[in-house]
Amino acid sequence: MITAALPYSYAPRHFGHLAGAYLPADIYARFHRLLGDEVLFVCGTDENASSIVLEAIKQNMTPKELCDKYYPLQKEVFEKLGISFDIFSRTSKPIHYETVREFYIRLWEKGYIYPKEIKQWWCPRDRMVLPDRFVKGVCPKCGAEDQYGDVCEVCGSWYESFEILEPKCTLCGTKPEIIKKTHYFLKLSELSSKVLEYVKVKKYWRRATYNKTISWLEKEGLRDKDITRDYEWGPPAPFPGSENQVIYNWAENLLGYISATRDWAENVFGSPDAWKDYWMNNETKLYCFIGKDNLFFHTILFPALLIAHGDYILPYNVVVNEFVNLEGEKLSTSRGWVIWLHDLLNEYEPDIIRYYAAAIAPETRDTDFKWQDFAEKINGELIGTLGNFIHRVLTFIYEKMDGVVPDPGQLDENSKEMLEKCCSIVERYRDHVEACEFRDGLKEILHLAQEGNKYLNEKSPWRNLEEAPRTMYVLIQVVHALAVIMSPYLPFTSQKILEYLNIDKRVEELRWSDVEKTLLPGHRIKQPKPLFKKIDEKDILGKIKKLEEIKKSFS
């Protein structure tokens with residue numbers, strides 16, 4: 001069971017999102033399908049946040065109209081990039097509302113929910129209660145300015161909305177007033193020790209993820225949290241006396257993974273109860289792929305909710321990535337300091353984007369998207385090493401051997417050594433990807449192409465015609481192995497290679513056992529073409545110049 005962070009439906013996805021959550025999750029899903037495992041990969045848009053209500057007001061639309069406008073755009077970008085979700089659902093669907101209702105009725109019945117009178121902000125100008133995202137002010141913990149009324153993006157602290165200092169209504173800028181309302185709270189304090197017990201055994205998590213989670217639980221612990229809000233958009237709160245309130249976004253969006261699975265079971269798979277085979281099956285391993293800004297929600301809050309309910313499995317691994325910066329500075333969508341995925345797709349093939357995202361994946365630290373580095377890695381590594389090796393082998397066989405895999409005769413020690421190297425590199429690749437070390441997995445793919453190029457140059461079949469059949473027989477086996485292990489990273493390219501190899505198989509049909517299969521003498525291949533188009537240095541200089549102009553306009 002694989003999940004990727006639910007994106008807000010109204011905001012486009014940028015390169016950092018791809019490298020931080022969606023591509024690693026997709027590589028892992030494709031890899032385990034390759035191994036022959038039963039895999040379900042779910043995601044969907046997060047449509048009930050107060051920020052969506054706020055954005056809808058700004059655009060003079062209803063929240064539903066806003067989400068209906070942007071959902072297909074999100075879905076299209078993921079499809080073009082080859083992100084292989086089994087379903088891309090929506091948290092505004094009735095099946096999500098039903099999932100949330102059932103879940104919280106269970107928590108109410110078990111005594112984890114209770115009513116409490118709280119202080120809330122009221123805007124006298126707009127005549128409305130202000131949910132957390134409708135208030136901005138100074139963080140009461142660290143003093144950071146321009147923070148929302150629920151969590152500080154600078155220090156990461158959570159606080160109650162009424163605790164924020166120097167508050168202002170985000171709609172009109174008016175200073176709000178305090179009023180009292182009855183809301184419903186989740187007894188997180190009763191779950192703190194249980195979550196800590198769950199996390200302590202997760203020493204195979206990435207070190208930073210494990211350490212941050214343990215530190216938070218041991219130093220901060222969990223406090224009871226308000227989980228209802230006074231507006232109409234979102235799953236209705238199902239508690240007695242909670243009319244005209246909804247379950248707040250952070251308490252319901254995590255359940256979007258479950259409702260997406262139910263959506264898949266009912267509307268894709270055609271068996272409404274099939275979702276239970278994943279969420280209520282102790283043999284299932286649940287992997288959640290997220291960025292570090294979602295760490296608390298997935299390593300602490302999500303397990304707490306699932307523990308409170310009692311029927312669901314808990315995440316086996318929460319794979320947390322750091323951030324991707326742009327030319328040495330943090331991304332800023334408001335300033336235009338960002339690389340949008342839809343813009344990249346207008347200029348580059350999806351596998352070129354996937355390659356660079358995997359090559360600079362922010363697995364243990366923040367990384368940097370640099371246009372010059374992008375060009376160098378694509379032209380030098382992807383094209384110069386990987387693409388060049390595959391094209392050389394296929395072109396030689398097609399042009400010099402009539403497109404037929406030659407009979408190698410007796411394999412000599414050098415040939416056996418090359419094939420053994422191939423096997424050992426493939427096994428290291430497997431170990432890295434299984435451990436969610438995707439950058440290292442990509443390096444093994446490049447390493448295999450480098451070893452192949454080295455062997456090809458040493459054997460020089462264009463000069464040593466007598467040994468050419470043996471040389472090219474060995475190398476086409478390496479190309480075939482590359483096509484298989486590349487498929488989780490570069491599925492579109494892998495499909496092209498299969499076609500050139502004249503293998504009538506979709507990339508999704510490949511299995512790990514295919515790595516060991518050999519193309520037999522006499523097998524005919526098709527005419528190959530270059531796999532990638534080189535990136536023009538002039539285009540890159542234009543991109544850099546454009547960013548310099550953006551920087552000047554905000555300096």
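Start by selecting Ser161, which counts as buried because its relative accessibility is 12% (buried means under 20% relative accessible area, exposed over 50%, partly exposed in between, with a 1.4 Å probe and protein chains only). This is a predicted model, in which local features need pLDDT of at least 70 and side-chain atom pairs count only at pLDDT 80 or more, while totals for chains, interfaces and linings use all residues. Residues are numbered from 1 along each chain as its sequence is written, and side-chain values use heavy atoms, with hydrogens and water left out.

**Around Ser161.** The loop between β7 (147-148) and β8 (165-169) holds Ser161; helices (H or I, at least four residues) and strands (E, at least two) are DSSP runs, numbered from the N terminus. Now show Trp121, Asp132, Val135 and Gly149: Ser161 is in contact with these, leaving aside its neighbours within four places in sequence (contact means heavy atoms within 4.5 Å). Phe134 is 27 residues from Ser161 along the chain, and their C-alpha atoms are separated by 9.8 Å.

**The second largest cavity.** Next select Ile118, Lys119, Gln120, Asp132, Glu160, Ser161, Phe162, His183, Asp226 and Arg229, which line this cavity. A cavity is a set of points on a 1 Å grid over the protein atoms alone where a 1.4 Å probe fits but cannot get out, and lining residues have an atom within 4 Å of a point. The space inside is about 70 Å³; grid points are joined across faces, edges and corners, and a volume is the space filled by probe spheres set on the points. Strand β4 (residues 113-123) gives the most to the lining, with 3 residues.

**The largest cavity.** The whole structure has 4 cavities of 30 Å³ or more. For the largest, with a volume of about 100 Å³, select Arg30, Arg33, Leu34, Ser84, Ser487, Pro488, Val507, Glu508, Leu510 and Arg511.

**Helix α3.** Colour the buried residues of α3: Pro63, Leu66, Cys67, Tyr70, Tyr71, Gln74, Val77 and Phe78. Their cover includes α1 (15-34), β2 (41-45), α2 (50-58), β3 (87-90) and α11 (341-347). Finish at Gly82, which follows α3 and has a positive phi, near 75°.

Conventions
On a 1 Å grid over the protein atoms alone, a cavity is a set of points where a 1.4 Å probe fits but cannot get out, and a pocket is an open set with protein on both sides within 12 Å along at least five of seven lines; lining residues have an atom within 4 Å of a point.
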